[in-house]
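The following exercises ask the student to read a protein model step by step. Each task is followed by a worked solution.

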Amino acid sequence: MAPTRKKTADIHNHPRRIATKATKPRDKDASDFDVLIVGGGLSGGTMAALLGTQGFKVACIDREIPVTQLEEEFDGRTTAISWGSQKVMQGAGVWPDLKKNTCPIRTIDILDGNSPVLLRFGAEEVGNQSFGWIIENRLIRKALFDRMQGLKNVTHVAPAQIVSLDRDDSAVRATLKDGRRFSAPLVIGADGRNSFTREWAGIGTRGWMYEQRAVICTVTHERPHNNVAVEHFRDQGPFATLPMTPDKDGRHRSSVVWTEHCADKDSALHYPKDVFDAALTARFPDNYGRVRQTGGRFSYPLGLQHAHTYIAPRVALIAEAAHGIHPIAGQGLNMGFRDVAALCECLVAARDAGTDLGDDTMLETYQRQRRFDNMAMAGATDGLNRLFSNNITPLPGLRKVGLRMVARIPVAKKFFMHQAMGAAGLLPDLIREAKSS
Ligand SMILES: Cc1cc2nc3c(=O)[nH]c(=O)nc-3n(C[C@H](O)[C@H](O)[C@H](O)COP(=O)(O)OP(=O)(O)OC[C@H]3O[C@@H](n4cnc5c(N)ncnc54)[C@H](O)[C@@H]3O)c2cc1C
């Protein structure tokens, strides 16, 4: 959906726009950067590392203590990284560090209710490549923190509490609780679903909560997973198992995303350990043997959220600050990485052309490249969740017919495989170049 010129007027007339003064010299006590990033999580850290690799002077500010974010108990999550995202990480200089900790996905099995495997995607069908990789989020953060530290032009400011953001005609300034000030022509909001930057810029969202939560944990199992990811659509919602690297004692591991829509008191979150292990073993395919939870259990409420716009004067939103989706297809961060790549490419073009890094036209180009793609994915995952988490007749029958049809129509199957690999979307030239260099 290409923005019209009216959009330009919209961003100029943004309701929360701070009254502009005639171009004001930057504060003497504020450190000047090319870009400020609020949020140094998976998307913000990647944005900082990618821009830093491209020679930009970047300050990346996060409120959390970095070592806390590296602990196993911080969020318990893993991410399925697509080929497209891997290229972004390569461009950001973090892939060599991460690669040894990734587990390739070579087969994806789709099951529905009590049926046997209805649809199987095999790596041999895509030139024997993997469909992507499973990586622990804390290890992605570790690689990003190390990379930011290694880049002289990137300043990772964490933990830090931003008390105010201000902007005028030439810059945005962030003031921290300890009095430090940072300024740049552009601020990127990478601060997640409850984005402070989005709120400050006066950008609203639309969306809804699903009456579902995802219970997340890591498990060990007796027999190997053979690099298979399983998506089992059950009445309660999808139950996914994702293959992981072995633990330090060599035990086979998988990550579980157990979606449920029951009252909190009935949640698997509260099952006694032996009951939980038995329930996991019953839900895993038989060939895994006995399954045991290791570490903690985590719960995430699930919802869809989309920002009305990704841009405001001298502001760009990326990843979950702009869009949050149901994890049914494991695409949330992969979409975020496409934002990162697209915005980086726009900034490189602006720098090469000698234009302002907060230029409205540049921001519009970024939004035009990403908003429609993200809306389409948000709609697709919403539809999938409604279709597969519902047992109202005739949906179960239709689902089975649909999955069998996809299995038998090579073009349809190929389409879904390429979606899973993230290869169908935007792969900016910049990232392609970074890969080949
Ligand atoms: C159960 C589940 C499974 C998922 N699985 C997948 C998957 O397999 N593949 C996939 O692609 N995606 C997946 N996702 C989605 C993915 O986890 C998110 O898209 C991703 O974490 C978003 O990253 P982010 O950096 O935008 O936001 P966050 O991870 O929320 O990071 C935001 C950062 O901003 C910081 N911050 C917040 N407010 C402030 C502030 N005021 N000042 C300074 N810093 C601030 C926070 O400390 C944090 O570091 C899954 C999501 C869920 C819930």
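A residue counts as buried if 20 or more other C-beta atoms lie within 10 Å of its own, as exposed if 12 or fewer do, and as partly exposed in between. The model used here is a predicted one.

**Exercise 1. Burial and backbone angles**

Determine whether asparagine 226, alanine 319 and methionine 375 are buried, partly exposed or exposed.

Solution. 

Step 1. Asparagine 226 has 11 other C-beta atoms within 10 Å. The limit for an exposed residue is 12 or fewer, so asparagine 226 is exposed. Its place is in the loop between β14 and β15 (228-234). Although asparagine 226 is not a glycine, its phi is positive, at about 55°.

Step 2. Alanine 319 has 30 other C-beta atoms within 10 Å and is therefore buried. This residue also lies in a loop, the one between β20 (315-317) and β21 (323-324). Alanine 319 is not a glycine either, yet its phi is positive, at about 50°.

Step 3. Methionine 375 has 13 other C-beta atoms within 10 Å, so it is partly exposed. Methionine 375 belongs to helix α10 (residues 360-388).

Step 4. For the chain as a whole, 46% of the 437 residues count as buried.

**Exercise 2. The packing of two helices**

Describe how helix α2 (residues 42-53) packs with helix α4 (residues 83-91).

Solution. 

Step 1. Two packed helices are described by the angle between their axes and the distance between the axes.

Step 2. For α2 and α4 the angle is about 55°, and the axes are 8 Å apart. An angle of this value makes α2 oblique to α4.

Step 3. On the side of α2, the contact is made by Thr46, Leu50 and Thr53; on the side of α4, by Val88, Met89 and Gly91.

Step 4. By class, the residues of this contact are three nonpolar, three polar and no charged.

**Exercise 3. The surroundings of the ligand**

How many residues surround the ligand, and which are the closest?

Solution. 

Step 1. The ligand is surrounded by 32 residues, of which the closest are Gly39, Gly41, Gly192, Ala319 and Gly332.

Step 2. At least two residues of this shell come from each of α2, β4 (78-81), β14 (205-221) and α9. Helix α9 gives the most, with four residues.

Step 3. Sorted by class, the shell holds 14 nonpolar, 12 polar and six charged residues.

Note on methods. Residues are numbered from 1 along each chain as its sequence is written. This is a predicted model: local features need pLDDT of at least 70, side-chain atom pairs count only at pLDDT 80 or more; totals for chains, interfaces and linings use all residues. Axes are lines fitted to C-alpha atoms, for helices over the stretch in contact, and angles run from 0 to 180 degrees between N-to-C directions. Angles under 35 degrees count as roughly parallel, over 145 as roughly antiparallel, 65 to 115 as roughly perpendicular and the rest as oblique. Two residues are in contact if their C-beta atoms, placed from the backbone, lie within 7 Å. Ala, Val, Leu, Ile, Met, Phe, Trp, Tyr, Cys and Pro count as nonpolar, Asp, Glu, Lys and Arg as charged, and the others, Gly among them, as polar. A residue is near a molecule or strand if its C-beta atom, placed from the backbone, lies within 6 Å of it.
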